[in-house]
Amino acid sequence: MKSFRVFAVLFAVCVALSCGRNKTVINGVVTDGADKRLTVKVLELNYYRTLDTVRTDAAGAFRFCPEIKKGNPEFIYIFYGDRRIASLLLDGGDNVRVETDTLGAYSVFGSDESQLLQNVENSYASFIRDMSRILLTESTPDAALSRRFVEYYRDRMTYVMTHSHSLTVVPVLFQQVNETLPVFSQPTDGIMMRTICDSLRSVYPESRYVAALEAEAVSRMNAMELGNRIAGADVVGYIDIDLPGMEGTNIKLSEVDAPVIMLYFWASTAQQKMFNMDALIPIYNEFHPRGLEIYAVSLDSDKSAWAAAVRNQNLQWVNVCDIRSAYSPYVSSYGVTDLPMAWFIVNGEIDPDARVSDAESIRQYLRRKL
């Protein structure tokens, strides 16, 4: 054991010198991994990006020096084949030692954040195992599943609130029970996420992980806001929209009085402005006198670009803008997956059978309705 510690110290010194001063250093040993090929990956927003591969020596030792900017930590993972054998959260200048095996039983030294991340992953793995066991062994599992879920949710909520300045809360807040159920699935969790983002932003203002969490928080809060509006809204055959128009005052979709309303989602890209000129303006000129109105929702984040497009193209229909862009709650409410996209409201009801994809199909639809 003494000889191993001496070796580890000497190895760490050599690694530090080979990586250069003030560089992030990972040195480690795979106990059953002599002459093994390892892959080092960094977590992007929703996938792992490979940084490099390293090979262990005859004693199972390896080293790697990832490029990490000080003050902007990265989630770094070491893989043996498809198996993740170590998880690290490293800041620029960290010098850590990892002891692991090819099955992924590992210890990390020299990084408090990495040790917290390991605890987070162990707690999550234990929770998932418990949920699977309950499903397999309980004859009536619903009550037991609910108890275990609530217990874990409360425990993770406590962790998040007591570690609000640690990036380890980010993977916690994105944990899933399964493919469709997040652990943090309550409507008010978006408010909590936004509060945590404010705390993390004060420490890591440039972190893309914090930016991703903030985007999720905004999406959750928008969905909650829209749900509250729908709950208190007058009953109509569609979800109402209330957004500012060209003059700065809000215009509601429900205020538009026309037999047929084309609800049109777009953005002021060159291609969509061309569609306005070549297709939509001629269609509007033809069918507006017969009862068509267009309620055009721009999803431009740049309000001035939208306003310029409306003015320059002399768009005469109802124009509103939602600068929340892809994070607009109306995007999810109306299933907007691509732009431009249109729905038709006929006599106050969404027409679910409207199938339009180009100018000609829009004309054919309107000829049947007007």
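Colleague: What share of the contacts in the chain with a separation of 6 or more comes from residues 24 or more positions apart?

Modeller: This is a predicted model, where local features need pLDDT of at least 70 and side-chain atom pairs count only at pLDDT 80 or more, while totals for chains, interfaces and linings use all residues. Residues are numbered from 1 along each chain as its sequence is written, and side-chain values use heavy atoms, leaving out hydrogens and water. Counting a contact as heavy atoms within 4.5 Å, the share from residues 24 or more positions apart is 60%.

Colleague: Thanks! How many helices and strands does the chain have?

Modeller: Both are DSSP runs numbered from the N terminus: helices (H or I) have at least four residues and strands (E) at least two. On that basis, the chain has 10 helices and 15 strands.

Colleague: How far apart are the end C-alpha atoms of helix H2?

Modeller: Helix H2 covers residues 112-137, which is 26 residues. The expected span is 1.5 Å times one less than the number of residues, so H2 should span 38 Å. The model agrees with this, as the end C-alpha atoms of H2 lie apart by 37 Å.

Colleague: And which elements are included in what covers the buried residues of H2?

Modeller: Buried here means under 20% relative accessible area, with a 1.4 Å probe and protein chains only. Among the buried residues of H2 are Leu117, Val120, Phe127, Met131 and Ile134, along with Ser114, Gln118 and Glu121. Their cover includes strands E5 (74-80), E6 (83-90) and E8 (107-109), and helices H3 (142-162) and H4 (169-173).

Colleague: What percentage of the chain's residues is buried?

Modeller: The chain has 370 residues. The buried ones make up 45%.

Notes: Buried means under 20% relative accessible area, exposed over 50%, partly exposed in between (1.4 Å probe, protein chains only).
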